[in-house]
Structures are given as structure tokens and as C-alpha cells.
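Here is a short note to read beside the structure. Please keep the 3D view open as you go through the points.

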Amino acid sequence: GRTHGVRPSSFLSLYNVVVGLSSSALLPLLGAIVDHTHHRLLLGRISAVAYCAAIFPMIFLSQSTWFAVAILLIVNAFVGWIHTGMAFAYLPEMSNDRKVMERLNASFTSVQFGTGVVFILLV
């Protein structure tokens with residue numbers, strides 16, 4: 001059977017295609033805005049708020065709201081890529097010293113994976 005015109009077994013593939021195409025089409029434009037304008041901080045703030053706003057309704061996931069939550073998941077994935085780009089754009093400005101950058105990147109990666117492990121253990 002189909003639901004909303006999509007077979008449930010095809011939903012994950014469709015999700016990946018939509019996120020991939022929208023990201024490949026729009027992220028270069030956003031990258032140019034970040035690299036060539038002074039709006040990087042503003043875009044980072046907007047993407048952080050949009051990311052949180054798109055995640056919040058997911059706590060209301062139920063049998064009757066799954067499709068709306070699925071659409072928000074697509075938006076959230078795209079906004080997440082935007083926010084990741086904004087965060088990485090700031091890395092080179094943190095220090096000119098290679099050793100300091102290595103320590104910072106190692107710290108950031110450790111925190112990222114550590115929080116992922118905590119999340120997996122809690123869920």
C-alpha cells in the first residue's frame with residue numbers, strides 16, 4: 001500500500017534524495033553568503049534557532065502526526081547542514097597556530113562523539 005503517495009519502504013530513500021538535492025542546490029549559495037558577506041554570525045544564529053524549532057515538534061510524534069514530523073525531519077536535516085557549515089566557517093578564525101587548532105578540533109570531536117555515546121546509552 002501507499003500512504004501520502006509513497007510506499008513506506010521507499011520513504012527513507014525519498015528522504016535522502018530530497019535532502020541531498022536541496023542541499024546540493026542551495027548550500028553553495030549559502031556558502032557564498034558566508035564566505036563573501038558579513039552575515040555569517042546572523043545566518044548561524046538563524047540556523048540554530050530554525051534547527052531547534054524544527055526539532056521541538058518531534059516530541060509530539062504519533063500515528064496521526066508522523067507525516068508532518070517527517071516533513072520537519074527533512075527541513076531539520078537541511079538546516080543542520082547549514083548550521084554545520086556556519087560552525088566550520090569559524091574554525092580557521094579561532095587560531096593561526098596549527099597545534100592550537102589540532103587541540104581544538106580534537107576537543108570538539110571528543111565532545112561530539114561523547115555526547116553521542118551518552119545519547120545512545122540513555123535511549
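Predicted model: local features only at pLDDT ≥ 70, side-chain atom pairs only at ≥ 80, totals over all residues.

The points below take the helices in turn and then the pocket.

1. **Helix H1.** H1 spans residues 11–36. It counts 26 residues and reaches 37 Å from first C-alpha to last, close to the 38 Å expected. H1 has a kink of about 35° at Leu26.

2. **What H1 buries.** Tyr15, Val19, Ser23, Leu30 and Val34 are the buried residues of H1. They pack against H2 and H3.

3. **Two sides of H2.** Which residues of H2 are buried? They are Arg40, Leu43, Gly44, Ser47 and Ala54. Seen down the axis of H2, these buried residues fall within an arc of 100°, so they line one face of the helix. The face turned away from the buried side carries the exposed residues Arg45, Val49 and Cys52. The cover over the buried residues of H2 includes H1 and H3, the latter running over 66–94.

4. **The largest pocket.** Its volume is about 420 Å³. Residues lining the largest pocket include His83, Phe88, Tyr90, Met94, Asn105, Phe108 and Gln112. H3 and H4 (98–122) each supply at least two lining residues. Which helix gives the most to this lining? H3 does, with 7 residues.

Methods
Residues numbered from 1 in each chain as written. Heavy atoms only, no water. Buried < 20%, exposed > 50% of the residue type's maximum accessible area, 1.4 Å probe, protein only. Helix = DSSP H or I, 4+ residues; strand = E, 2+ residues; numbered from the N terminus. Arc of directions from axis to C-beta. Contact = heavy atoms within 4.5 Å. Expected span 1.5 Å × (residues − 1). Bend = angle between axes of the 7 residues up to and from the residue. 1 Å grid on protein atoms, 1.4 Å probe; cavity = no way out; pocket = protein on both sides within 12 Å on 5 of 7 lines; lining within 4 Å. Points joined across faces, edges and corners; volume = space filled by probe spheres on them.
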